[in-house]
Amino acid sequence: MLYSQGEMLEKILLLFCLSSALAENLCRPDASNGYKVRLSIKRALGDEAYVWNQDEMFLFRATLAFAMRNHLSGQDFQVSNILVCDETPRVSFWFIVTSPLDATRPVGKEDVEEAIRKSRSRINSAFLLTDQTLEFIGIIPTLAAPVSPDTPPWLIVFGVVMGSVGAGIIVLLVYPVVHKRLKKDEEEEELEEEEGEEETRRVKTMENGAAGDGAHNLSFTDDERFTQM
Amino acid sequence: MLFLEGVPLFYLELAIGQKMSLGSIGAWTAISPYLGGVGLASVVTSLYLCLYYNIINAWSFWYLFHSFQSVLPWAECPINSNRTGPTEECEKATPTQYFFYRETLNIAPSIEENGGIHGGQALCLLLAWVITYLFIVRGVKSTGKVVYFTATFPYAVLLIYLVRGITLHGAINGVKFMFTPNMEHLADPNTWINAATQIFFSLGLGFGSLIAFASYNHYNNNFERQAIVVSLINSGTSIFASIVTFSIYGFKATVNYESCLERTRVLLLNTFNIAEDNINIDNVFEWIEKLNTTYPEQFAKLNNKLEECDLETELSSAVEGAGLAFIVYSEAIKNMPLPQLWSVLYFLMLLMLGMGSMLGNVTAIITPLRDFKVMSHMSSELFNGLVCVFCLLLGLGFTTTSGNYWFTIFNDYGATFSLLFIVLIEVITVSYIYGLKRFEKDIEDMLGHRPNWYWKIMWSITSPLLLIFLFIIYIVKYINGGTPTYQAWNKELGTSVVTEYPVFGQLFIGLLLVSSISCVPLTALYVFCKKRKLGNHEKREHTVSTVSA
């Protein structure tokens, strides 16, 4: 009787040990339901980097529990549900999430991934880190959508430059024509004034008129073919 | 090269232009009727140059307009459609290369595949031609005023860049690299050919633009002094600009080297889970050795991910073609503080220089053509406008997806060989056919004194010999080189691949080379035939008159 009771006790003890060992064995490197986390605190913060210690680890576990609660609403995840192991001086470790209802059962990988994706920015800001410096190996961060304005900015600058150049050309082309017309009006006025005065002036005006009608209007082309040096 | 070739030839061309007061075709016809073809060859070469050079200005405009953004578009890769990471092509290449090849050019994988015109490029090319027209619309007088600005502004920018460049981190590596002579390169005759053609390009010899500009001078203008001063300033500027270029180059190489080291450091940290501040940039190599000895198997797994970081390789890496100015420099600029400002300054400077060159090229075409009676009846505005529109329409071909490869053909083969040939013929013509004595008298007529013995020796002996030597080397190199190749951008690999030109490409190259050179013998033949016909005609008249008498 005593003998079988002893056996029973041993079996119960064994089971007990096994179950607690199992709980610890859930978290190990390359666990099927776990993720590796890597923090690059010095790279992100430089001189203002904080030291990674157990308190920071507690914050991490709490933040992750929050993320799980956020995603699977109704289930009360506790800090004890987040198991951490294999910490290295790099500041990297593995973690695994267990269900609040049964501490031996890990939560599926897809749920953990979804939860982290949802609350990624909250997790990052808790540690003053970014997507690149707080890495969950295997969960690719969703990058921010590129801002694309309706009119590309380069087109605006192009329009401004093209408009001013076009205006410049029009001014350069129109100016001599306008100048010629103004001068012609002035000459006609002078012609009318002078005609009334002397007969001899007529010869001169005829010359002016002839010069003005020629195919090559000498008065308005460059008077010097040779540029001054 | 400058003193043996550059200055004497510069002097020669200015003298011819000033004496004859005609564009290149008229001037050479006046020297010797059989050699009017030299002028024609110059015009053809200038025409090719006009066609493809404004594309560079179009690119400069494109980059300039894209500099007005908070993040320069070539600083980061665009994100792919899943929003999981950068676009594949951009990841394999660098963001600056991606921006140049994909967004600026939208380049095809090879010269055989044609595509549509790139709208943005076409707009920029239009703008470039419109501005060129604006500068030349009133003729040489307006060109002269414009050049005051386009020639001085680049110096100001270069000075600003010099100060900025020297104070950049790692610039001294570049300058040291520039001044250490590389003996292998110096022994290679290719280097000397490139030096000679660079002098020609830089001074504008052989294009006819010098003759065109000099034809507008007063007869007694002292061009001897100007020739020397301009050539020296030109080369001085080149050296000054190289210092700036190499300091920025050194900065870029150092930044790339350091980011390579940084990536290696992170890789080591992550693989071996070492605390962050144990490895820093200075002892990366020591750690590599240490880890290799302590964890050999784990290290071996790393091997394909580990990059070779070498400053020398970074400094020696170069990109082929005109893309160098855009890829290498935009990479350097994106790393500087306040990159938008530096980018705007740099591309404005490139634009000034490019526009200034275009003015010379277009004038080199317009001036000789206006000497013909047919064209001189048109108003100068209309004629200039027609030339610009013609070049614009042909230039649109360079904005297609395979346009950059055609551009490379023009760039490599359009001018170099013809320039050598034209300049050689010029020197021989003036020294031997026109006669050195007649030339001396002309100069004495214009300047008041004869050129001294240095010039005479250069023109008659040294320059022709040197040019013949270079010419022969070039031909030998072309024959020995096998099929000509070009760098085609491979989308999948994200890098340029050396590809051979297809048959039509090689034919086109041959056509380019032959078309400008053949002007000389063809014109000579044409004049010879005309003269013979005229001679026969005179003889017939003579016999008729004797009979009638």
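Two strands pair if DSSP finds at least two bridges between them. I noted this before looking at a predicted model, in which local features need pLDDT of at least 70, side-chain atom pairs count only at pLDDT 80 or more, and totals for chains, interfaces and linings use all residues. Residues are numbered from 1 along each chain as its sequence is written, chains are lettered from A and ligands numbered from 1 in the order in which they are written, and side-chain values use heavy atoms, without hydrogens and water.

**Entry: chain A sheet**

I looked up strand β1 (residues 35-39) of chain A and found that it pairs with β3 (residues 92-97) of chain A in the antiparallel sense over four bridges. Strands here are DSSP runs (E, at least two residues), and helices are too (H or I, at least four), numbered from the N terminus. Tyr35(A) stands opposite Phe95(A) in β3(A). The open sheet has four strands in the order β2-β3-β1-β4 (chain A), with antiparallel pairing. I noted β2 (82-88) and β4 (134-137) of chain A at the edges; each has a single partner strand, so one side of each lacks a neighbour in the sheet.

**Entry: chain B site**

I read in UniProt, in an unreviewed entry, that "binding site" covers Ser202(B), Asn234(B), Leu353(B) and Ser357(B). They are spread over 156 residues of sequence but cluster in space, with a largest C-alpha distance of 13.3 Å. UniProt positions are given in the numbering used here, feature names are shortened, and annotations may be inferred rather than shown by experiment.

I placed Asn234(B) in helix α12 (residues 223-272) of chain B, and Leu353(B) in helix α17 (residues 339-371) of chain B.
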